[in-house]
Structures are given as C-alpha cells and as structure tokens.
Amino acid sequence: MKPRAFDEMGGFGEGCRPCYAALKRWLDDAPSDLLDQRRKEAELLFRRIGITFAVYGEQAAQERLIPFDIIPRVIAGEEWRKLSLGLEQRVKALNAFLKDVYGNREIVRAGVVPEELILCNPYFRPEMAQLRLVGDIYVAIAGIDVVRVDADTFYVLEDNARTPSGVSYMLENREAMIRLFPELFARQSIAPVDGYPDELLATLHSITPRRGEEPCVVLLTPGPYNSAYYEHSFLADKLGVELVEGRDLFVRDEMVFMRTTQGPKRVDVIYSRIDDDFLDPLVFRPDSVLGVPGLMLAYRAGNVSLANAVGTGVADDKAIYSYMPEIVRFYLGEEPILQNVPTWRCREPEALAYVLDHLGDLVVKEVNGSGGYGMLVGPAADAATRRLFAEKLKRRPDNFIAQPTLALSTCPTFVGSGIAPRHVDLRPFVLTGADKVRIVPGGLTRVALVEGSLVVNSSQGGGTKDTWILGE
Amino acid sequence: MRIRVSHTTRYDYSPPAKSAIQLLRLTPRSHEGQHVRHWRIDVDAQCRLKAGEDALGNITHAFTLEGPIQSFSVTVDGEVETQDSAGVVRGTVERFPPGLFLRTTALTEPDDAILALAGEVREAMRRDPIAGLHDLSGTIHARMGFDTEATTTATKAGAALALGHGVCQDFAHIFISAARFLGVPARYVSGYLLRDDGLVVQEAGHAWAEAHVGGLGWVGFDPAHGLSPTDAYVRLAAALDYHGAAPILGSRYGGGQESLDVSVRVEHARRQIQS
C-alpha cells in the first residue's frame, strides 16, 4: 500500500532515498539495545544542559524538557541549495515589503495589498513610519517554517519575522548528536551549524549605526519568566554579549546606555527578544516594566539599531502571508521559488462561505495567533468542536484564514513501539545583514510525536530532531 | 480670538529620584483657524530639550534629567490666534491616510457597551454621517457625568461608558471607539479650552475627538460639551488615543513618592496684563 504522506527516508514507498542510505545502513546494523541506551543518554544530556521550554497554561510543569528524537532528519545538499535560494528570496521580499509599508506604501497604491490590512494590522507600528534603518534591514533574523509534501515541493507554512526562537535547539541538538554518535559524523560529510553564533554576531555588527567603532551589542530579554529565556541566555553566552533586561538599560539624550560596574556604556545594537508592545512605555504599553523608557526616541534619532526592527510583525501576519507570492513578484520581479500554501482569507465573503462548508477538510488559524494556539485542525476535530469554531469564525471572520490540511512529510522517529513515521516541519534561520545574507545550512526540525498529528509546536507536545544537510 | 495659555506641571520627589525622562507634546502647530503667535517651553533644570516630531506629525520635545532630582517644572507659555471653522479642521500636518485612524487601541477597543451605543446611532449615521456623529457626541454628553475621581488615564472607553462617569478624555475615547466601530476614522485631540464661564485657572487641559467625514475631511466633536470645537479651542496634538497624544509622558528611575502639581491658565490674550 502506498502511504499518503511522503517519507523523508522512504519517499512514497519506493525504497530508501539516497540521502538516507548511510543512516539507514547504520540503523539496520545497530543492535537495538545500543539505540535504547543512546536514547537514554540523550535524555540525560538534555536534562543536564537544562534546555527547557516553558509551556503556557501548564502550571504543574512550568518548565518542560522538549523531547529530542535521536534519528536525524536528512536533506540532500542539492535539495538544500534550492531551498536556501528560496529562503533568501523570501526574506529579501519581506524586508522590501517592510521598507515600503513604513515608507510610501507603493504596494497599496498599486492595489496589490489592501490598505486596511496594513494600517489596521495590530502589528503595524505607526511609530516606524519614515524611519530609515541601517541597510534597510527590518528582519535581520527570520525563521521560515517550511513543510515538504513530496520529493520536489516545499511549502512555506509561516514566516516568523518578529522574534523567531528555536535556534538554540538547532545548536544543542547537533552537539548532542556529535557526542552520542561520533561514528555517524565520521561516515559522511554533514554541514556544520556551529558557525551560527558568529554569523549572527556579524549580522548584528553590520547594522550598527556607529561606523568605525567596535559596536556594543546586547541581547534584551523579558527575563526568566519568558518561555524562551533559556535560549536568550544561551545565545548571549555564545555571542559573547551581555544579556540584559530593560532595567539594565537607560536612555539619555536619545542614546541608549547599559549600566555596568564601570559606569554607563553606550549601546549600538539591541538583539531584542521582547515583543514590541513592551519595548518602551512612553510609546507602547504604558504599564510595561520590561522595556526601556525613551528607547523609541533613540531609535528614531538613529542612535541605536534593533534586531529585529520594531513593527516587523505586520509582515508575518497570516493575512499578509496569503499575499506573499504577489509580494515577491512586486518587489523582486521574480517568480517565488518557494510555494505558499493555498490560503482562504475568511475576511472575503466567498472564502468564508467555502471555509464554513469545508471545515472538516481545512486547518483554520487565527490571523495573529502563533504557537499552534487558537487553531482548528478540521479532520482531527469532532463535530462539536467544529460547530463551536464555526461560531467563532462567523463572529470575527477577518480574524481567520484557512488552509487545506497538507500531508506533511514524515520522518522515522523513535516511539514507544519502536521506529515509526511521524510528521515533521523545518525552521531554517535566515540572517540578513547590511552586508549580506547568511544562512546556516540546516535549521530546527520539529516533529509531531503523536501518531497522525500535524501539530509540531513544542507548546503542543512536539519534539525536535537534528537536521543534517549532506555535503555533495 | 486671541488666546493666551500658561501651563505649568511641577514634579516633587521625596526622596529624590535618580533620573527622569519625559516626552512632551505641548507645542501646537498652526493650521487653518489656528495661528500660533508665539510659544515657549521651559524646563527649570539642567537638560537638553530636544525638539522633534512624532510619527503622526505632532511636535515633540524630549529631555532626560540626571539626579538627584528633588523637583522640576515644565512650563509652556504662548499665544494663539483662532478662528471659528464650525469644527472643520484643515491645513493640519497629516502623515497617514485617514484609514490609519480605524485602528483599535487598548484604550479604545470596543466592548458590548460601546457596540450598543454605536447601534443607537448607526441608522442616523447611515442617513447623514455628520448628523450621526453629532448624535453620537450628544448622546455621550447626555449619558455621561463629569467626575474627576471616577476614572484614570488607563480607563478604557467601554469601562468609562459602563461607569457613566469620567473626564473629557473618557468622553473622547468613547466617541472614538464607537465611531471607529461604525467605520468612521476617528482620533483623539488634546488641547486647551477657553471657558465661557470665565474660569481662567483650570485643573487640566482639555481633550476632544475628530472624525473623518467624506467631502469635509477632519471634523472636531467635543462630547464633553456635546458640540463642535469653536475658536475657543487650541489644538495641541492628535493621535489614536490619549496615550499617543498625552501632553506629558514620563518615566523616572529611583526616588520615592512623586507629587504632581498642575496649573493651567487659559485666557483672552488682552487680559494678560491683569493676571
């Protein structure tokens, strides 16, 4: 029988794909108790490192270990080359779009994207209008979620242009794999990922507003209660920059300073992992204690750069997502290399009618939702859940988009009963500096550990895998 | 009419604050019906007052103070020549199309109370937008009582409406929230009002709303008085809500109790000698 989903190792059942050949041989030869033992070692390793992820709404386990699966996800070098070209094109278009959104909005004038979707978007920040950023870089760090449906087709599921997380797992997973399975790395050429911190630092340096001086970079975190705090401290450590909270910074005469034991130190680039809303109580939420009062004054004066820029959320909004193919064509004059998942915008009456009629076949998502919250996976939901969701949809149609349920590719994964196929996605990280684009080959592979599940989000019980890009 | 404004805000800290930062939107721009004859901002402390413009085109001044700060005052003094334009506002600096002012903000997010209010004027609005907006302003004026204790600067439009009490800021937020819900771009305006009852010394500045009406452009509505602004109004800044137009926003580091003393004088310019 032909399985419905494309398997990264076995394709549509035609046998082991070449990029998995070496791994499969090793898996076949390895005694099963060895694999079991390595799995236990892997779990211990991660517990010791303390890599955790806070799950909202789960009081009992404020910090939980994200399950790590030791069977890597393998992508052939040739496949990656095409994928990375598509990623670079996509992020270039995102940056051009943001420059325009906060500039003259030619794309609205041209009738490509409705004005309302931009001006009334909750993530649109009027405060960014007419601001010139170093190198016109808005999205310096992008996490583009892609899924695969067959040997040749990758779809972009989501653009993460605000504060994409997960890169620490990419790095930690690789370190763990090298420790656990050195023999596998000796057998074939696997592209390294450990250059990521250097590439990120170079990217951040490239957008400093003060040329000719060694830039002072800081990583701004909301603090230990944030779900991604582990990653913030991990990255600050790898980058060799200070991990700061809002109260460690202050603004004087439109410049940002860090409090240090040797007195104030001028800050040039802020790698911000704080939501825009909390950045500056003088401009955004006045009750925020996480931000830096006056930060936007320094930003607007051109005395500090933020990565990512304020207001990038308007580009990764799911309603804007549906326009991405047009956005790529509009700014770059090229056909998109990566495909978009066909998307129904429920704000359009015919689309809404179609979606309500086909709820059982579709995935319906909140326009501004993330982390897999507030979404309906039609085929997996019972009639009552669908009915409830239909009511929500009818009340605020403009708040939702719908997409067909894709047969995401599967990857062999350790489960209770042995090795079985589980659905995966991939989040590669694209770094855009004023000088060039940098993409570390690989990314974070997330796996839905529940049989048949398509939700890979770690907040919804997903796990991760190491991602191998093979050399040629 | 020639209006003279003198507005002082004094901050006292006990114990002294370590540092402070403030963002002021305290300088009016000239437009049709409003000519700024002269205007001065003064901070009585050692600092650099940096003039600028916010994203919506309002004039801003920002400054930081290094402590210990026991007290400081921000004072504006100026004179504005005004003409009655029946509420129609022309010649203002506009950095965005009116569509921006359909955005919801935390302070103006419509809730069920706002929806019900909007429902009451929906029909009138459909027939004649201007009459509908006057209806809305008049309804708010009739239904809301003036009370400086009932709300704070963080009170949302819907909450104030449910309370039935508030200050001009709440009245304006209710108007904006309902108008936007009905698809009419609306914005918050801060400024000063020369009162017709002769009360020169006031506790605070004034706030009202503007709505964008096809064919006319921006039109002012003052739901606190149930009428459109006249030549007794001095327009300071316009934004999506109070937070974006606030005359003074500040933050300080360290220090104890903050006490605030505000004095606003709005009078006919010719009377200034007697004051």
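Predicted model: local features only at pLDDT ≥ 70, side-chain atom pairs only at ≥ 80, totals over all residues.
In chain B, B:Val88 stands opposite B:Val219, a residue of strand S11(B).

Strand S5(B) and strand S11(B), the latter spanning residues 217-221, pair in the antiparallel sense over 2 bridges. They belong to an open sheet of 5 strands in chain B, whose order is S5-S11-S10-S8-S12 and whose pairing is antiparallel. Strand S5 (88-89) and strand S12 (233-239) of chain B stand at the edges, and because each has a single partner strand, one side of each is left without a neighbour in the sheet. As a general point, the strands of a sheet pair through backbone hydrogen bonds, in either a parallel or an antiparallel manner.

Two helix pairs in chain B involve H4(B), which covers residues 168-181. The table sets out the geometry of each pair.

| Helix pair | Angle | Axis separation | Crossing |
|---|---|---|---|
| H2(B) (129-143) and H4(B) | about 140° | 10 Å | right-handed |
| H1(B) (112-127) and H4(B) | about 70° | 9 Å | right-handed |

What residues make the contact between H2(B) and H4(B)? From H2(B) come B:Leu133, B:Leu136, B:Ser137 and B:Ile140, while H4(B) supplies B:Phe171, B:Ile174, B:Phe175, B:Ala178 and B:Ala179. Sorted by class, the residues of this contact divide into 8 nonpolar and 1 polar, with no charged residue.

Helices H1(B) and H4(B) pack at an angle of about 70°, and they are therefore roughly perpendicular to each other. Their contact is made by B:Ile114, B:Leu115, B:Leu117 and B:Ala118 on the side of H1(B), and by B:Ile174, B:Ser177, B:Ala178 and B:Phe181 on the side of H4(B). This contact has 7 nonpolar residues and 1 polar residue, and again no charged residue is present. Both B:Ile174 and B:Ala178 of H4(B) take part in the contact with H2(B) and in the contact with H1(B).

**Chain A**

Chain A has 15 helices and 23 strands. Its radius of gyration is 22 Å, close to the 23 Å that the globule rule gives for 472 residues, so chain A is as compact as a globular protein of that length. Taken along the principal axes, the C-alpha atoms of chain A fill a box of roughly 65 × 55 × 50 Å.

One open sheet of chain A is formed by 3 strands in the order S8-S9-S10, with antiparallel pairing. Strand S8 (249-252) and strand S10 (265-266) of chain A stand at the edges with a single partner strand each, so that one side of each is left without a neighbour in the sheet. Strand S9(A), residues 255-258, pairs with S10(A) in the antiparallel sense over 2 bridges, and A:Phe257 stands opposite A:Arg266 in S10(A).

**Where the two chains meet**

How many residues of each chain take part in the contact between chain A and chain B? On chain A there are 18, and they are in contact with 20 residues of chain B. By class, the side of chain A that touches chain B has 11 nonpolar, 1 polar and 6 charged residues.

Technical notes
Residues numbered from 1 in each chain as written. Chains lettered and ligands numbered in written order. Pairing = 2+ DSSP bridges. Helix = DSSP H or I, 4+ residues; strand = E, 2+ residues; numbered from the N terminus. Contact = placed C-beta atoms within 7 Å. Nonpolar A, V, L, I, M, F, W, Y, C, P; charged D, E, K, R; others polar. Axes fitted to C-alpha atoms, helices over the stretch in contact; angles between N-to-C directions. Left-handed = near helix turned anticlockwise from the far one by under 90°. Parallel < 35°, antiparallel > 145°, perpendicular 65-115°, else oblique. Rg over C-alpha atoms; globule rule 2.2 N^0.38 Å.
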